[in-house]
Amino acid sequence: MFPPYLRAHRTSFMNNHAENPDGPTPSSGNDQDLLPILNQPTTRRTALKAVGAALGLAAFGKAISPLASIPENVSVDEFLQQHYKELSDDDKERIFARLEQETKESYGADVTISDHRPIPGVRFAYAINLSKCNGNGKCMEACHLENNHHRGVDQSYIRVLELPKGTLDMEEGNTTFDHTVPQEDKFYMPVQCQQCDNPPCVTVCPVEATWKEDDGIVVVDYNWCIGCRYCEAACPYHARRFNWEQPEIPAEEVNPDQGYLSNRVRPQGTMEKCHFCLHRTREGRLPACLEACPTGARVFGDLNDPDSPINYVLQNKRVFVLKEELGTRPSFFYFFD
Amino acid sequence: MALIVVIVECPTQCRVVTKALSDMSRNFSSSNPNPARGGIRVTGFARLSLVILTLVAITSLAFAALAPFSSPSEPVATERKREARFAVEIHKPDSPPLVEIGLNDENGNPITATCATCHANREPDPSVRTVEDLKSFHRELVIDHGKLSCFSCHNSADYSSLKLADGTRVEFTEVMQLCAQCHGPQMKDYENGVHGGMVGHWDLSRGPQQKNNCVDCHRPHAPQFPRMIPTFKPDDRFLDKHVPPVPESAPDLIHE
């Protein structure tokens, strides 16, 4: 019935019970009952069994070790949170409430985190008139304030490049100019996420923490992101930013109008990027960078509306896209007029 | 039904599928070992199925050909546009404008006057074309606006208004009509939401939008957009070729 090695085991186990009908003695009986292997003569077989058991225990311990080492700034709820796309409405309500609470505790600000979904039938696109842009950088500042960026490094999703006239190679650009603008021999090109139709950053993400939504906006689930920075390396427009530090924002400067996929305060160690201010644009409002532009160089609208400003630009101006040869198919256009 | 849906979505595959099905039925009818009564029935069935398949193919091809003209997003867009119930509000300048006369009141505030305050009892002089021609007042004005003279825009018949090139009176509040006489392309862009900047809503079914008028951004006498000094700069060295010099304390750090 039993193979010999199990029969021996079974016999010793039963004998122990027969010797102690009132229960195991505290001294030796416990070990014998729980781990009868200890009561066997030391043969090569038992030694190998013991080694195997030890290795198995070690492997199990290693496998569950992440549970024991949750970082201090990550709550258990956050650790066990599902991917955004798998969350039910109840889950979202609970998670948003928790995030609002955490923002209150960490920043002392009362905020509202909402779940903004794409407007059916809308497809966003952006255009910038490089004949008008003068490099004043108000868009960067507006983005910084609107999107609850880390104040310590003056983070922004936009970079205004100063380029010598005669080239369209953005790698020739310089971001740290601080003289009066515009200079005669220069032009200025703001670069932010181009919301590609064929986004390399989405392709490379190993955990699917970033994806393209129906209205064309590429979003990030900051709580699902593992911060590997593959997307930052993959983006040909250098449009993604990494949170090296926990953002520091004075309570009175925290923008309370927040979206889960957009401008809520991001955790340290996650990637972030321009999301066309989806907490505004999906409510029908204009992006913050556009409203701030003093030159009126920025144009935003719905590609599916034939009378939208963006379609006027595409039909009447000579537009180009950045690094067209890469096949990323941006939803972001530039033109001179 | 599912077949039709598949066919509509990919016309190329539809032909392949139809061809495969007709091949199948042809093989079936030809491989029948008994060419008697049963054979006739099967051939009849095969013909019937071929007819049906042809009909399906024609219908689906018609659908596929019409598909580009009925984009699925179009009805949504037009529907939203029909609902557009908020306006684009264009900011209007004050009228008539007030000019500082160069004197201060007892509190030190500059005294202002309307154009007509002085010009009501002064005869217009058509020979005055530039600031240099003026003997008093307005000599501090910086004029840099093509070859326009004062009376190209200012109405000598009524200084509290402006005038178009054909002499038609136009109020200061309607200054955009005046500018648009020469700046047609800019006006066309403006009317299509591509010039002048804006705040508020891009979607007029959800809220209004506010826009500037010409003279909010362009000084009428020197309309070129002013030069600016950037005030905000992210601490972001990406793409910057001008690497800052290594600080002097760096070698010490290496030695430690």
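This is a predicted model: local features need pLDDT of at least 70, side-chain atom pairs count only at pLDDT 80 or more; totals for chains, interfaces and linings use all residues.
The secondary structure of chain B consists of 10 helices and 7 strands. Of the chain B contacts between residues at least 6 apart in sequence, 48% link residues at least 24 apart.

## An open sheet in chain B

Chain B holds an open sheet of 3 strands, ordered E1-E7-E6, and the pairing is mixed. Strand E1 (88-90) and strand E6 (198-200) of chain B form the edges, each pairing on one side only. Ignoring direction, neighbouring strands of the sheet are turned by 25 degrees against each other on average.

E6(B) and strand E7 (residues 209-211) of chain B run antiparallel and are joined by 3 bridges. Within this part of the sheet, Gly200(B) is placed opposite Gln209(B) of E7(B).

## Contact between chains A and B

The contact between the chains involves 44 residues of chain A and 33 residues of chain B. On the chain A side, helix H6 (138-146), strand E3 (159-164), strand E10 (298-302) and helix H11 (309-316) each supply at least two residues. E10(A) gives the most, with 4 residues.

Sorted by class, the side of chain A that touches chain B has 20 polar, 13 nonpolar and 11 charged residues.

## The largest nonpolar core

The largest nonpolar core contains 62 residues, and Ala127(A), Cys289(A) and Val313(A) have the most contacts inside it. Strand E2 (residues 124-129) of chain A provides the largest share of this core, 5 residues. In soluble globular proteins, nonpolar side chains tend to be buried together.

Leaving out residues up to four places away in sequence, Val313(A) touches Ala127(A), Val299(A), Val319(A), Phe333(A) and Phe335(A) in chain A, as well as Val194(B) in chain B.

## Helix H11 of chain A

Buried positions in H11(A) are Pro309(A), Ile310(A), Tyr312(A) and Val313(A). These residues lie on the same side of H11(A) because the arc they cover around the axis is only 160 degrees. The elements against which the buried residues of H11(A) pack are E2, E10, E11 and E12 of chain A.

## Backbone features in chain A

A cis peptide bond, with omega at about -5 degrees, joins Val181(A) and Pro182(A). Pro182(A) belongs to the loop between E3 and strand E4 (186-191) of chain A.

For Glu208(A) the angle is about 55 degrees, and the residue sits in the loop between helix H7 (200-204) and strand E5 (210-212) of chain A. Glu208(A) counts as exposed because it has 12 C-beta neighbours inside 10 Å, the cut-off for exposed being 12 or fewer. For Arg329(A), phi is about 50 degrees, and the loop in question runs between strand E11 (318-320) and strand E12 (332-336) of chain A. Arg329(A) has 13 C-beta neighbours inside 10 Å and so counts as partly exposed.

Conventions
Residues are numbered from 1 along each chain as its sequence is written. Chains are lettered from A and ligands numbered from 1 in the order in which they are written. Two residues are in contact if their C-beta atoms, placed from the backbone, lie within 7 Å. Ala, Val, Leu, Ile, Met, Phe, Trp, Tyr, Cys and Pro count as nonpolar, Asp, Glu, Lys and Arg as charged, and the others, Gly among them, as polar. A nonpolar core is a set of buried Ala, Val, Leu, Ile, Met, Phe, Trp, Tyr and Cys residues joined through C-beta atoms within 7 Å. A residue is buried if 20 or more other C-beta atoms lie within 10 Å of its own, exposed if 12 or fewer, and partly exposed in between; C-beta atoms are placed from the backbone. Two strands pair if DSSP finds at least two bridges between them. Axes are lines fitted to C-alpha atoms, for helices over the stretch in contact, and angles run from 0 to 180 degrees between N-to-C directions. The arc is that of the directions from the helix axis to the C-beta atoms.
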